[in-house]
Amino acid sequence: MNRVNQILQPKGYLVAVGGAEDKGTDLEKGIIERNRLNFFELGILSNIINLIDSTQKPIVEVITTASSIPDEVFENYQSAFQKLGVENINHIRIRNREDTANPEYLERLTKANCIMFSGGNQLRLSSIFGGTEFLQILKEKYYNEHFVIGGTSAGAMAMSNTMIYEGNASLAHLKGEVRITTGVGLLQNVIIDTHFDKRGRFNRLAQAVAGNPGTIGIGLGENTGVIVKNGYELTTIGLGSVIIIDGKNIDYNNIADISFGAPISVGNILVHIMSAGDVYSLQERKYVGRSVNVPVED
């Protein structure tokens, strides 16, 4: 493969998910038809499978590096993808940097149509995969092939070049309480946060953007995500909301001048709220309308 050309638009797709996506566990409970609709037509995992080249029998590899219970997490995804008709679901069980050089894992990566990064601790993803041949192959496939990379919770947060790795939401209005490092770099100039609706993380993402106004913050609700096409076109999927925080118009920002632990002030920050079918352009930094191809629940 050729080395990645960052100027070219990638041929592949990213699917960043806010966590707690429906895995079909409620199909036999409650209102069955509604559960079936939510999982098979509106569901996050269904959207991921639908992105795979329809001429191929999909090979899905689940990477559980971020999780402390990798085998249990894989079994949950295996069951969910099987419900969606996928037969070839495998587990790339990378636990340390040495594992990333396993020839079997590298070969399976080259043959995969879709990679799914589980949730857990995003710092494990950046520290284990950063600078490895495994990550280089992953990026080359993303740029040069019809290849789908999904990531939920930590797996979504690590996709960006700038990554939040720690920060108590209740203290996130105070300078220094949001800690940032480098992610795996599949997306540039964005910062992704997850479980956005359940854990009150607006201030956390706002502080990250205030410290990096050139970036765009993407806050993903649970069972909600964005499909990233061409490296910049975001389409919302799932049942919740996606919050976009843009710092381009900030006209007052005290974060550089106050001491650590002092409350931050930010003026004229731009916020968008998106639901399923809404489209946002990272390239143009604006909400651009709705997609006719994404089903929404009545």
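Student: What is the order of the strands in the open sheet?

Tutor: In this predicted model, the 9 strands follow the order β3-β2-β4-β5-β1-β10-β11-β16-β17, and their pairing is mixed.

Student: Why do β3 and β17 stand at the edges?

Tutor: β3 (88–92) and β17 (286–290) each have a single partner strand, so one side of each has no neighbour in the sheet. From one strand to the next, the twist averages 20 degrees.

Student: How do you know that β16 and β17 pair?

Tutor: Two strands pair if there are at least two bridges between them. β16 (residues 278–281) and β17 have 4 bridges, in the antiparallel sense, so they count as a pair. V279 is opposite G289 in β17.

Student: What joins β10 to β1, and what joins β10 to β11?

Tutor: β1 (residues 13–17) and β10 are antiparallel, with 5 bridges, and V17 stands opposite G225 in β10. Between β10 and β11 (residues 233–238) there are 6 bridges, again antiparallel, with V228 opposite L234 in β11. β10 and β11 form a hairpin with 3 residues between them, and N230 in the turn has a positive phi of about 60 degrees.

Student: Why is β10 called mostly covered?

Tutor: A residue is buried if its relative accessible area is under 20%. In β10 (residues 224–229), 5 of the 6 residues are buried, hence mostly covered.

Student: Which strands does helix α3 lie across?

Tutor: Helix α3 (residues 70–83) lies across β2 (59–63), β3, β4 (114–117) and β5 (148–152), and runs at about 165 degrees to β3.

Note on methods
Residues are numbered from 1 along each chain as its sequence is written. This is a predicted model: local features need pLDDT of at least 70, side-chain atom pairs count only at pLDDT 80 or more; totals for chains, interfaces and linings use all residues. Side-chain values use heavy atoms; hydrogens and water are left out. Helices (H or I, at least four residues) and strands (E, at least two) are DSSP runs, numbered from the N terminus. Axes are lines fitted to C-alpha atoms, for helices over the stretch in contact, and angles run from 0 to 180 degrees between N-to-C directions. Contact means heavy atoms within 4.5 Å. Buried means under 20% relative accessible area, exposed over 50%, partly exposed in between (1.4 Å probe, protein chains only).
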